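Me: I would like to learn how to read the features of a structure such as this one, going from a general idea to the particular case each time. Could we have the structure in view before we start?

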Amino acid sequence: MKTIDGYWNVTPQIKDVTFPVRGKMQVALQDGRLIVMPLSAFPSVKKVPVRERKNWYRMAGGFTWDSCPEVIHVEQVLGNYALYNHDTI
C-alpha cells in the first residue's frame, strides 16, 4: 500500500481555538496541526472581548462567538480559500 505524505487527503476540521499570547490566535485542527496567526488578520475576532474568547462555538464549518458578526472558516485560517476550500456538512 502506498502512503501519501502531507495533508492532501485530509479535510481540515477545527478542534480548538485559543489565544496563547496577546495579539495571536491559535487554531488546533483535528489532524494535529496548530495554526497561529495575528489577530490583526481577523478584525471581527479582535473585537471579541477577552473574557468571551474562550466561549467560541462551531458554526457552518467554522467558528464564531455570540458577539462576533462573522463566522471564521477553516479556509480563512489556512490562508488560501482557493486551495483549501472544503465542502462541509
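Me: In the hairpin of β1 and β2, which residue takes a positive phi?

Reply: This is a predicted model, in which local features need pLDDT of at least 70 and side-chain atom pairs count only at pLDDT 80 or more, while totals for chains, interfaces and linings use all residues. Residues are numbered from 1 along each chain as its sequence is written, and side-chain values use heavy atoms, with hydrogens and water left out. Strands here are DSSP runs of E of at least two residues, and helices are runs of H or I of at least four, both numbered from the N terminus. In the hairpin of β1 and β2, with five residues between the strands, the residue is G23, whose phi is near 85 degrees.

Me: How many bridges join strand β1 to strand β2, and in which sense do the two run?

Reply: Strands of a sheet pair through backbone hydrogen bonds, either parallel or antiparallel. The criterion used for pairing is that DSSP finds at least two bridges between the two strands. Strand β1 (residues 14-18) and strand β2 (residues 24-29) run antiparallel and are joined by four bridges, and the bridge partner of I14 in β2 is L29.

Me: Over how many bridges do β2 and β3 pair?

Reply: β2 and β3 pair over five bridges in the antiparallel sense, with A28 standing opposite L34 in β3. Their hairpin has four residues between the strands, and there G32 takes a positive phi near 100 degrees.

Me: What does Q26 touch, not counting residues up to four places away in sequence?

Reply: A contact is defined as heavy atoms within 4.5 Å. Q26, which is found in strand β2, touches D16, V17, T18, P20, L34, I35 and V36 on that count. The C-alpha atoms of Q26 and P38 are separated by 8.8 Å, although these residues are twelve apart along the chain.

Me: Is R33 buried or exposed?

Reply: The scale runs on relative accessible area, where buried means under 20%, exposed over 50% and partly exposed in between (1.4 Å probe, protein chains only). R33 has 18% relative accessibility, so it counts as buried, and its place is in the loop between β2 and β3 (34-38). Its side chain makes a polar contact with the side chain of D31 at 2.8 Å; such a contact is a pair of N or O atoms within 3.5 Å, where within protein one must be able to donate a hydrogen and the other to accept it, and residues adjacent in sequence count only if both atoms are side-chain atoms. Leaving aside neighbours within four places in sequence, R33 is in contact with Y7, V10, P12, V27, A28 and L78.

Me: In what order do the three strands of the open sheet come?

Reply: The order is β4-β5-β6, and the pairing is antiparallel. The edge strands, each pairing on one side only, are β4 (57-59) and β6 (72-73). Strand β5 (residues 62-64) is joined to β6 by two bridges, and F63 stands opposite I72 in β6. In the loop between β4 and β5 lies A60, which has a positive phi near 50 degrees although it is a residue other than glycine; at 55% relative accessibility, A60 counts as exposed.

Me: How many aromatic pairs does the structure hold?

Reply: A pair of aromatic rings is described by the distance of the centres and the angle of the planes. Rings of Phe, Tyr and Trp (its six-membered ring) pair if their centres lie within 6.5 Å, and planes under 30 degrees apart count as stacked, over 60 as edge-to-face and the rest as tilted. The structure holds three aromatic pairs. W56 and F63 form an edge-to-face pair, with 6.3 Å centre to centre and 80 degrees between the planes. The rings of F63 and W65 have their centres 5.7 Å apart and their planes at 85 degrees, so this pair is edge-to-face.

Me: Which residues do ring pairs link into a cluster?

Reply: The cluster consists of F19, W56, F63 and W65. W56 is buried at a relative accessible area of 14%, F63 is buried at 0%, and W65 counts as buried at 1%.
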